[in-house]
Structure formats: structure tokens, C-alpha cells
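Colleague: I would like to go through this model with you, one question at a time. Shall we start with how burial is defined?

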Amino acid sequence: MPAAERREQILKKAFEFFSEYGLTAQTRALAESCGVSQRLLYSIFPNKSALINAVYETTIAGVFKAVWFVQLQDRSKPIEQRLKDFYCEYYDTVLTRSWMRLFLYASLAEVEMAPTYIGSIIKHLLDIVMKEALDEAGLQSPIDQAQAQEICWILHGAVSHLAIRRHIYRDQTALNVEKVIELQIKSFLAGLKSILPANAT
């Protein structure tokens, strides 16, 4: 098997393996699940840390689509529609059962996966969401950027926790995901007007 193909296969298996057993699981067991020797595994990835970093790049950060940033700033559509389109796709593409399990395992193991993802991707996302929502609503942005991001976490955190409830807690309810996300977005947009002042005319 070509080296690039073998590497891709191992990363896919590693993602599945770590999402089921956590990042403290032994690489010997991972190698067995990949159908390769531990020696071959370490010939491709020099150590476990390098493997975990590669898993992060390909299966945690790598599934986030840069085009989503562009679409969220397309003001030809109402912000409510933009947010719904984004969060429904984000839920289906990123917040899968395996993704959520690995993300939570990494956090419990105090691996820098979650802080890196939040710092490099999510904070930029929150800035865009706030800017676009405030522009359409005619509201002033908080002077404190940290406060602005916390306000946007109200929405992003709700969608993320929906994935945790459905995938981790196995919370089965009659309301489908799209409807729940729609309710969360409406609540977020309505709430902005109660906590932020209108732009001066």
C-alpha cells in the first residue's frame, strides 16, 4: 500500500479508536485495530503525540469548512437563515458522535486539542456571528471583545450541547435537530436586543 494511503487509513482508524477508548489507550491496541505492527505505526508517526496531532489536523480541525466563514458574511440572506444553514451543516458535518467523544476525551486528558480548536477556529467564528447579527439588528457591539464572544457562546454552546445530549447522553426526543437549532437561533437573536443598546441615530 502506498505510504500516503497507509497514513490516511491509520488516521481514520486512529480517529475511530481514540473516540471509543480515549487518548490514554495504548498504541499497541491501536496498531492491532489498524491491522499493522506497532513498529510500522511508529515508522509513520514518530510518537503518540505526533499521531494525536495528525488526528487533530485531519479529523477535528480538518472537517471545518473555511467556506462557512464566507457564507456567514453573505448579507444577501437574512442572518437567521445564514445561521440556520451554518449550524445545521456544522451539526451534521462536525458534531458527530465520534467527533464529540474524541473532543471530550481530549479535554479530560488535558490534551491541547480543545483549546487549540477554540482559539484557532471558534473564536473567529464567534466574532463573525456577532458582527453579522449586530449589523442586521442595528445594535452596538460590546467594547469588550471577551464579552461579545461570551454572548455568542450562548448560541454556539447551545448547539454544541445539543450534540452532547443526542450523541453522548443519548437523549431521544421527538423534536428533530433542525427544529431545535431553529429555536436556539431565534432565541439568541431575540435576546441580543435585551442586552445590547441600539446604534445611535
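Modeller: Buried means under 20% relative accessible area, and exposed means over 50%. The model is a predicted one.

Colleague: Is Phe86 buried or exposed?
Modeller: The cut-off for buried is under 20% relative accessible area. Phe86 has a relative accessible area of 4%, so Phe86 is buried.

Colleague: How many helices and how many strands does the chain have?
Modeller: From the N terminus on, the elements run α-α-α-α-α-α-α-α-α-α. The count for the chain is therefore 10 helices and 0 strands.

Colleague: What share of the 201 residues of the chain counts as buried?
Modeller: The cut-off is again under 20% relative accessible area. Of the 201 residues, the share that counts as buried is 40%.

Colleague: Are Phe64 and Phe69 stacked, tilted or edge-to-face?
Modeller: By the ring-centre rule, the count of aromatic pairs comes to 14. Phe64 and Phe69 form one with 5.2 Å centre to centre and 40° between the planes. Planes under 30 degrees apart count as stacked and over 60 as edge-to-face, so the rest count as tilted. The pair of Phe64 and Phe69 is tilted.

Colleague: Is Phe64 buried or exposed, and what is its relative accessible area?
Modeller: Phe69 is buried, with a relative accessible area of 16%. Phe64 is buried too, and its relative accessible area is 10%.

Colleague: Which kind of pair do the rings of Phe86 and Tyr87 form?
Modeller: The ring centres of Phe86 and Tyr87 are 4.7 Å apart. Tyr87 is buried, with a relative accessible area of 0%. The planes of the Phe86 and Tyr87 rings are at 65°, so the pair is edge-to-face.

Colleague: Which residues of the largest nonpolar core touch the most other members?
Modeller: The core has 67 residues. Its largest share, 12 residues, comes from helix α8 (residues 113-137). Leaving aside neighbours within four places in sequence, Tyr117 is in contact with residues including Tyr56, Phe64, Tyr90 and Trp99. The residues that touch the most other members are Tyr90 and Tyr117.

Colleague: Which backbone oxygen does the side chain of Arg82 reach?
Modeller: Arg82 is found in helix α6 (residues 79-93) and is buried, with a relative accessible area of 5%. Leaving aside neighbours within four places in sequence, its contacts include Gln71, Asp74, Glu132 and Glu136. At 3.2 Å, the side chain of Arg82 reaches the backbone oxygen of Asp74.

Notes:
Residues are numbered from 1 along each chain as its sequence is written. This is a predicted model: local features need pLDDT of at least 70, side-chain atom pairs count only at pLDDT 80 or more; totals for chains, interfaces and linings use all residues. Side-chain values use heavy atoms; hydrogens and water are left out. Rings of Phe, Tyr and Trp (its six-membered ring) pair if their centres lie within 6.5 Å; planes under 30 degrees apart count as stacked, over 60 as edge-to-face and the rest as tilted. Buried means under 20% relative accessible area, exposed over 50%, partly exposed in between (1.4 Å probe, protein chains only). A nonpolar core is a set of buried Ala, Val, Leu, Ile, Met, Phe, Trp, Tyr and Cys residues joined through side-chain atoms within 4.5 Å. Helices (H or I, at least four residues) and strands (E, at least two) are DSSP runs, numbered from the N terminus. Contact means heavy atoms within 4.5 Å. A polar contact is a pair of N or O atoms within 3.5 Å; within protein, one must be able to donate a hydrogen and the other to accept it, and residues adjacent in sequence count only if both atoms are side-chain atoms.
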